[in-house]
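Please read these notes with the model open beside you. They are numbered so that each point can be checked on its own.

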Amino acid sequence: MFNKISKTFQYGRHTVTLETGEIARQASGAVMVSMDDTVVLVTVVGAQGVKPGQDFFPLTVDYQERTYAAGKIPGGFFKREGRPSEKEILTSRLIDRPIRPLFPEGFYNEVQIVATVVSLNPEVDADIPAMLGASAALALSGLPFQGPIGAARVGYANGEYILNPTKTELQTSELDLVVAGTQRAVLMVESEARELAETVMLGAVVFGHEQMQAAINAINALADEVNPVLWDWAEPVRNEALIAQVRDIAGADIKAAFAIRQKQVRSQKLNEAWDKVKAALITEDTDTLTANEIKGIFKNLEAEIVRGQILAGEPRIDGRDTRTVRPISIRTGVLPRAHGSALFTRGETQALVVTTLGTKQDEQVIDALAGEYTERFMLHYNFPPYSTGETGRVGSPKRREIGHGRLAKRALVAALPPADEFSYSMRVVSEITESNGSSSMASVCGGCLAMLNAGVPLKDHVAGIAMGLILEGNRFAVLTDILGDEDHLGDMDFKVAGTANGVTALQMDIKIQGITKEIMRVALDQAKEGRLHILGLMKNAVDAPQELSAHAPRLYTMKINPEKIRDVIGKGGSVIRSITEETGTSIDIGEDGLITIASVSGEGAEAAKRRIEQITAEVEIGKIYEGTVMKILDKNVGAIVQIMPGRDGLVHISQIANERIANVGDYLKEGQQVRVKVLETDERGRIRLSIKAVLNEEAAAAAPAPSEAAAQ
């Protein structure tokens, strides 16, 4: 019934198995990937036809985690998986980015890749198996895919690279890098590092590319055995006559448009050139394929003009050479009530970045498949349509916004102070108010400045820069600080962030079929030069952490006996709730008894601290306390007196007065304030008090000294 085929290979310390032929047989391609108990089912389906009017390649990638994979039932009312988590969105992008450039130009059939995590070993992340599964499923589908690709995670510890490190190993690793590529070249890199040198980063990319050849070989062997039926699709033949027509109509106008430095004016001129082409060549009778072909020729002509000028050594679109960073403007403290803020402008890209400080209660709780954890640092990136002079939907963040926010977060994490030195939680929000190239790197620079403005003691300044590439045959040019047009018309988007000491984040996407080690080395060296230039400007603007805003909470800490925690919390949280409400504070209690009080008001914090000290104070034998009579037990038994919040003691009738009394009520009333002395406490915490002992002490203190009595 099943024609099951599998291939197994060793991948670092892990064993990987690729299986096909048993599950999801109606998909164009389906592979089950196992990597040490982490199992991902990846399917590919390609539409046989092109939708009318389709003029782009509709590739969608959906990575989804099932909670049963980790033996869990989803929380919430519906008890089923809901909208994609940030992890799922980021992994979907991770799969998409190296695969997309390997489909041929002019292929507009819809393709959908679905990767489902069905079993999870908490020590083995499912992203690498998902990427390998997508590559293998595409290889088996028969689609015109110019792969396969391999993927690997690289760690770095004790001066050595680690292939596919486990979750535990990553905790001590100085690097978390994912690299993907074909047999010949690298296509994609995503990484987070602890200020590593460019040579170490380049070595990690090369190491990962070398090691992934084992995965590529296994996928090729699987495809050879399956022998899939290839699609009957051929790349469109160049219509030289049509290309010449478009060039004659719009060539001069396109060249003139790209001589305009201002983005909006340039875009308007390009639109006018395209309108001339449409009017001349596209009518109501023009079929969709021809219309798409004409549009593609126009875009290719744009790229040809821009790329040719750069490779010829002519100025770039905005007049710069290949190494110059656009003019930068920095202003901090722009929002009076925010804890920290910065306006970072680089050319026509601008980010308004805001930092908010909070307490431990503000930390983000993440219910991940591998287990729940919290994060004290959050970075959110917003890209409204007005930033590019356009209209559009404003709502929940899209995949691009999630990805750009995570990249900026990766860049800044290495510079954060340890939690035991700076216990605030931190949220950074980057509002992109203008965009013409590398808004994510503007978010890195603005985020660093906003945190310094908020008083966060960062280890060092962090800056980011985006690099581009124009590659034609053996000729290439690496571009520093690329514009949006250079990103669209170029061959690479290479973002590098870090401090003066090293790289903290690196992201690379290649739009062609890979680049060489030499090009990567040039790009890294040129990026360092640009990064150091930006860091110098940032340090001139803000050289050190500034004072905390008057509107930011102040944190006060105190330590109590862990056994007293329940007394501070109270039944159902009644005690802690009353303290926070009455003092206007926020209180966090650690399991070790460390209490953090957050308050904008110093008086409120002191009041909360006093209340907690009273609750947790130890009763001292022999000490006199001011107490309140809470209850008369019986006329000849005694009374209960509260000597501190939550601590009551018994005053027996014999300890109320220096004379024998018959009725407690003759001496004490409920609510009366009395001074009592602690006689003893037993092993059960019961306290015995005495008013008589206080009376005797006071009488003795008032009596004259023996020498004075003799004189009298």
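In which sense do E27 and strand E29 (residues 687-690) pair, and over how many bridges? They pair in the parallel sense, over 2 bridges.

1. Basis. This is a predicted model, in which local features need pLDDT of at least 70 and side-chain atom pairs count only at pLDDT 80 or more, while totals for chains, interfaces and linings use all residues. Residues are numbered from 1 along each chain as its sequence is written, and side-chain values use heavy atoms, with hydrogens and water left out.

2. Strand E27 and its partners. Helices (H or I, at least four residues) and strands (E, at least two) are DSSP runs, numbered from the N terminus. Two strands pair if DSSP finds at least two bridges between them. E26 and E27 run antiparallel and are joined by 6 bridges. They form a hairpin with 2 residues between them, and Gly646 in the turn has a positive phi of about 80°. Val651 stands opposite Ala639, and its bridge partner in E29 is Leu689.

3. Faces of E27. In a regular strand the side chains alternate between the two faces of the sheet. In E27 (residues 647-652), Arg647, Gly649 and Val651 make up the covered face, whereas Asp648, Leu650 and His652 make up the uncovered one.

4. Nonpolar surface patch. Leu650 also belongs to a nonpolar patch on the surface with Leu633 and Val637, with about 200 Å² of accessible area together. Patches are made of residues with over 30% relative accessible area and no salt bridge; like charges are joined within 9 Å and nonpolar side chains (Val, Leu, Ile, Met, Phe, Trp, Tyr) within 5 Å. Areas come from the Shrake-Rupley method with a 1.4 Å probe, and for residues only the protein chains shown count as cover. Val637 is in the loop between strand E25 (624-634) and strand E26 (638-644). Its relative accessibility is 33%, so Val637 counts as partly exposed; buried means under 20%, exposed over 50%, and partly exposed in between.

5. The six-stranded sheet. An open sheet of 6 strands has the order E1-E2-E3-E4-E6-E5, with mixed pairing. Strand E1 (5-11) and strand E5 (59-65) stand at the edges with a single partner strand each, so one side of each has no neighbour in the sheet. Within the sheet, strand E3 (residues 29-35) and strand E4 (residues 38-46) pair in the antiparallel sense over 7 bridges. Ser34 has Val39 in E4 as its bridge partner.

6. Salt bridges. The rule is a side-chain nitrogen of Lys or Arg within 4 Å of a carboxyl oxygen of Asp or Glu, and by this rule the count comes to 45. One of them joins Arg531 and Glu198 (3.1 Å, N to O). This pair links distant parts of the chain, with Arg531 in helix H12 (residues 517-541) and Glu198 in helix H4 (residues 198-211), 333 residues apart. Arg531 is buried, at 0% relative accessibility, and Glu198 is buried too, at 9%. Another joins Glu529 and Arg323 (3.0 Å, N to O). Glu529 lies in helix H12 and Arg323 in the loop between helix H8 (288-311) and strand E11 (328-332), so this pair ties together parts that are 206 residues apart in sequence. Glu529 is partly exposed at 39%, as is Arg323 at 42%.

7. A network. Arg97, Glu190, Glu192, Arg410 and Asp509 are linked in a network of salt bridges.

Notes. Buried < 20%, exposed > 50% of the residue type's maximum accessible area, 1.4 Å probe, protein only.
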